[in-house]
Amino acid sequence: MRTKDSGRFVKISGIGSYVPERILTNNELEKMVDTSDEWIQTRTGIKERRIAADNQATSDLCVLAAQRAMESAKISRNDIDLILVGTITSDMPFPSTAVIVQSKLGLSNIPCFDYNVACSGTQYGIELASSLLTGSRKYRNILLICGDKMSSVVDWQDRATCVLLGDGAGAMVLSVTENGEENSIVDVLLGANGGLWELLFLAAGGSKEPASFKTVENRKHFLRMSGRDVFREAVLVMQSCAQEILSRNNMTIEEIDFVVPHQANLRIITALQERLGVFDEKICITVDKYGNTSASSCLIAMDTFVKSGKIRRGSKILSMGFGAGLTWGAAILKF
Ligand SMILES: CC(C)(COP(=O)(O)OP(=O)(O)OC[C@H]1O[C@@H](n2cnc3c(N)ncnc32)[C@H](O)[C@@H]1OP(=O)(O)O)[C@@H](O)C(=O)NCCC(=O)NCCS
């Protein structure tokens, strides 16, 4: 991305991710709710997911992903001049998870803030970081982190949602460059439809309905989702934003090397693959191993394919996100 005549471009200097060690399998879930490994695999493609330890908060997942991204960027933490955290499971309502991450990384003074767009965190974060880097002239290296401990907001008695989600974090270091050849951010397209917020939400604990014995009794501190509606919207919206961003950049899907969709459900990914005409070898899938890790899902998938050597420097990536809000986004990147 480049602001007109600014001579400033944005490159992806490094990427990293972290998933907790604890694996929760479908067979274990069979013992917790009325479900089966067969149902989960057929309807979602998920085989297992990762669950954070009790003493691991979202900030801890974010710190580990951030350290790996800085290592991959070969920059010291002291070179970071702003931290952004995309999360819907902040350590606490305030302060932001970003300031806690700052402190855990041993940094101080640099600006830090959270943003809340659920599973479109990667695309919104890239847009935010790129705009700050090219527009403000104040920052050189931004640490973008997306992380969620979804296990802390999942109702472990609700079989329709608890089988879907997992914990994890992904991070990217985005840096200013004056060399247009190094530019990584071709374009980002974002959107939202607040009219559909009731399809996916967590009702209590905010200013509208503060925590009380009643909210706890009514299980209102857990997320609720209209699965079928969300499924339909996810396919329609991710398809249309992918087509729009390709078209406004005069590109075709054939010019894209890797497609990194939000990892919510293998059936959603397959439907997108068919509608967009993406070959199997170009589609990045991690939902089988990690489930839906919310904001971090695209960064974790991207990092997994970078680490496996498939995505390389220069690879062209199309990434689409979709989440509670409803929010959505698409990004074309040159890794
Ligand atoms: C949740 C989801 C997997 C359900 O799949 P589906 O094929 O739409 O299934 P339905 O909701 O129609 O439910 C079908 C049946 O399976 C049952 N079911 C739901 N979860 C189940 C589970 N874990 N195990 C067994 N049965 C289950 C339902 O109760 C329903 O039973 P009924 O027909 O007797 O009422 C699917 O809708 C989905 O992936 N939605 C999008 C989720 C998502 O992406 N969320 C995050 C967005 S960022």
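**Note on the sheet and its helices**

1. Helix α11 (residues 297–307) lies across β1, β6 and β7 (167–177), running at about 90° to β1; contact here means heavy atoms within 4.5 Å, and angles run from 0 to 180 degrees between N-to-C directions, with axes fitted to C-alpha atoms, for helices over the stretch in contact. Helices (H or I, at least four residues) and strands (E, at least two) are DSSP runs, numbered from the N terminus.

2. This is a predicted model, in which local features need pLDDT of at least 70 and side-chain atom pairs count only at pLDDT 80 or more, while totals for chains, interfaces and linings use all residues. Residues are numbered from 1 along each chain as its sequence is written, and side-chain values use heavy atoms, with hydrogens and water left out.

3. The 5 strands form an open sheet with mixed pairing, in the order β1-β7-β6-β4-β5, where two strands pair if DSSP finds at least two bridges between them. The edge strands, each pairing on one side only, are β1 (9–18) and β5 (112–115).

4. Within this sheet, β4 (residues 82–86) and β6 (residues 141–149) pair in the parallel sense over 5 bridges, and Val85 stands opposite Ile145 in β6. Helix α4 (residues 97–104) lies across β4, β5 and β6, and runs at about 140° to β5.

5. Elsewhere, helix α8 (residues 227–248) packs with helix α9 (residues 266–276) at an angle of about 35°, their axes being 10 Å apart. Among the residues that meet are Phe231 and Leu236 in α8, and Ile268 and Leu272 in α9.
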